[in-house]
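Good morning, and thank you for coming.

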Amino acid sequence: MTTQIKDLAHYKELYKQSVENPEQFWDKEAQTFTWFEQYDKVCEWNFTEPKVKWFINGKMNISYDCLDRHLPDKADQVAILWEPNEPTDQATSYTYQELHDEVCKCANALKNFGIGKGDRVIIYMPMLAELAIVLLACSRIGAVHSVVYCGFSAQAIADRTDDAQAKMIICSDYNKRGHKNIPVKAVVDEAMNIGCNSVETVLVHKNTGGEVNWSDDVDRWWHDEVPNQSPFCAAEEMDAEDLHFILYTSGSTGKPKGVVHTCGGYMVYSCFTFRNVFQYKPGDIYWCSADIGWITGHSYIVYGPLLAGASSLMFEGVPTYPDAGRFWEVCEKYKVNQFYTAPTAIRALMAHGDSFPAKYDLSSIKVLGSVGEPINEEAWHWYNDKVGKGKAPIVDTYFQTENGGIMITPFPGITDTKPTYASYPMPGIQPILVDKDGKEIKENNVEGLLCIKHPWPSILRTTYGDHERCRQTYFSTFKNLYFTGDGARRDEEGRLRIIGRVDDVINVSGHRMGTAEVENAINEHPSVIESAVVGYPHPIKGQGIYAYVISVDKELNDEFRKEINAVVAREIGPIAKPDVIQFVTGLPKTRSGKIMRRVLRKIASNEADKIGDLTTLRNPEVVESIKQGVLV
Ligand code: WT7
């Protein structure tokens, strides 16, 4: 097993080693995994191309290390616990042996469909245990999975499938979420109609048994193909730098890009971070409430915990069904020891009052985690006091899809915690703050742009099919640095606080959204001439989506707003629908024709008095009229 930090001195010592000799440090951690063939070099890198390689020429398989490696001593230990949406439905669990067998069956079925090493598979499934099984089955045969969050639209599936040139889509029939029974297969059908020409097979898992349309040419039932397979499937020998998965994420321009992670580095880093951030001990029950559609779910529901031989709980439902006590009921039911969720969920539950967490026995909880967006002070205290009863340290973990695993975090029981501060770098992570010219700011008690100086094993390798975009986005702003796109503050003692994105990316309920992407969707409405989207502070979601829309041939009313929302839901998904739509007659533009978003952001945030200098605007008169019509 990878090293587990014991105390503050140990953290400091490991951190020092990791900076002074990164190769030696990661070599030692990597040696705790199974290498079918040893690597001959730990790391090779430059941030100019960029080119980053870890564990060069090493041969391994991540599903082998998640499953087979544990069979000698943990065959009967629970690997995955699954809690259904309906509290009265049957919960299930899989031991390491059972999970191994199910993964092998699924892997054999995929092979029968001609899926092999390097083939891309799109996965569009709700939070069923089968989703974790599919990920591991792909890993086992070397197929590259790309999970598309189950709330995204048909268009979003088609875009990703076409970009990845996937041979297969795996989905379910329906998705049970709270009171809703949401069609899933029907969305895939629509995606297949508008694109997805590379897809040969759609494998459908029957979840609710509701009606579905069927095409004998491509559609296959899971229950016809998977259960009758052999429970043995040799793990494909993968090169450490072979593609492991693609996960699409939004940027400040254009369509979402496919962040590429490779096998070896991701294995080492996801396990190392999991064990240290959550201080997982044998016998603990660990629960991350994220969706596997996001990087948090990949690294901290599936790979990190299973690599560490942990018992990981998966939950199908939502925090407020049947009521706002569900999370706490589940914590009590399973005696959860580490609970990991997002600030949005905490704020939403906090709004329902203290009585819900008070009703349940939460004494098993040792560590509370937060991820995905800044956690405000009020939510931090509520989580700390009402859920953790002041006894469970909060780990405010910072990372990004591109990072593969947690970068900055407190260590529970080891370092201190401070509300709103993600605090300290993981061993192996060298964060620095720079000013806008890229000059490092060395003092404390400052704000700056957050960059990382040295690669870590699970840094993204490229953006799928477009390496230049990867270089441009992360490695071109500042020479020899990975730029996160986030601003951060460093306090007197060196703790880091993430302030938020400094680019045109917004974070809505922990979901990352490109303003350009939402604008492009809005502009698909035939009556929209132009639009501009910005984020604004939202009490529950962290940031809300504020859209300014120009139209001349439509009545500017709620009916039109609904139509715009429907277009956005169709193009991206319901999570991208604007919270506010303000109709305007013009947008503030510079002389070169660029929208001045700074002005729009201030107006949407009710800070019109802080707009500042407008002399570079071509049409300053429009600002006054937008201010008059502001809707928040
Ligand atoms: C962006 C990455 C981390 C997995 C889920 C989101 C923001 C993430 C924190 C935190 C403040 C945070 C950043 C980052 N973010 N964690 N603890 N405190 N901000 O992954 O969708 O790739 O988004 O989320 O702005 O850049 P993602």
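I begin with P343, which is buried, its relative accessible area being 0%. Here buried means under 20% relative accessible area, exposed means over 50%, and partly exposed lies in between, with a 1.4 Å probe and protein chains only. Before I continue, please note that this is a predicted model, in which local features need pLDDT of at least 70 and side-chain atom pairs count only at pLDDT 80 or more, while totals for chains, interfaces and linings use all residues. Residues are numbered from 1 along each chain as its sequence is written, and side-chain values use heavy atoms, with hydrogens and water left out.

P343 belongs to helix 13 (residues 343-350). Helices (H or I, at least four residues) and strands (E, at least two) are DSSP runs, numbered from the N terminus. Which residues does P343 contact, leaving aside neighbours within four places in sequence? They are S370, V371, E373, P374 and I375, where contact means heavy atoms within 4.5 Å. By comparison, V204 is 139 residues from P343 along the chain, and their C-alpha atoms are separated by 33 Å.

Next, I turn to R512 in strand 29 (residues 511-514). R512 is buried, with a relative accessible area of 18%. Its side chain makes a polar contact with the side chain of E402 at 2.6 Å, and the side chain of R512 also reaches the backbone oxygen of S250 at 3.1 Å. A polar contact is a pair of N or O atoms within 3.5 Å; within protein, one must be able to donate a hydrogen and the other to accept it, and residues adjacent in sequence count only if both atoms are side-chain atoms. Not counting residues up to four places away in sequence, R512 touches several others, including T249, Y474 and R501.

Let us now consider the rings. Rings of Phe, Tyr and Trp (its six-membered ring) pair if their centres lie within 6.5 Å; planes under 30 degrees apart count as stacked, over 60 as edge-to-face and the rest as tilted. How many aromatic pairs does this rule give? The count is 43. One of these pairs, F274 with Y286, is edge-to-face, at 4.8 Å centre to centre and with 85° between the planes. This pair links distant parts of the chain, 12 residues apart: F274 is in helix 10 (residues 263-277) and Y286 in strand 16 (residues 285-288). Both F274 and Y286 are buried.
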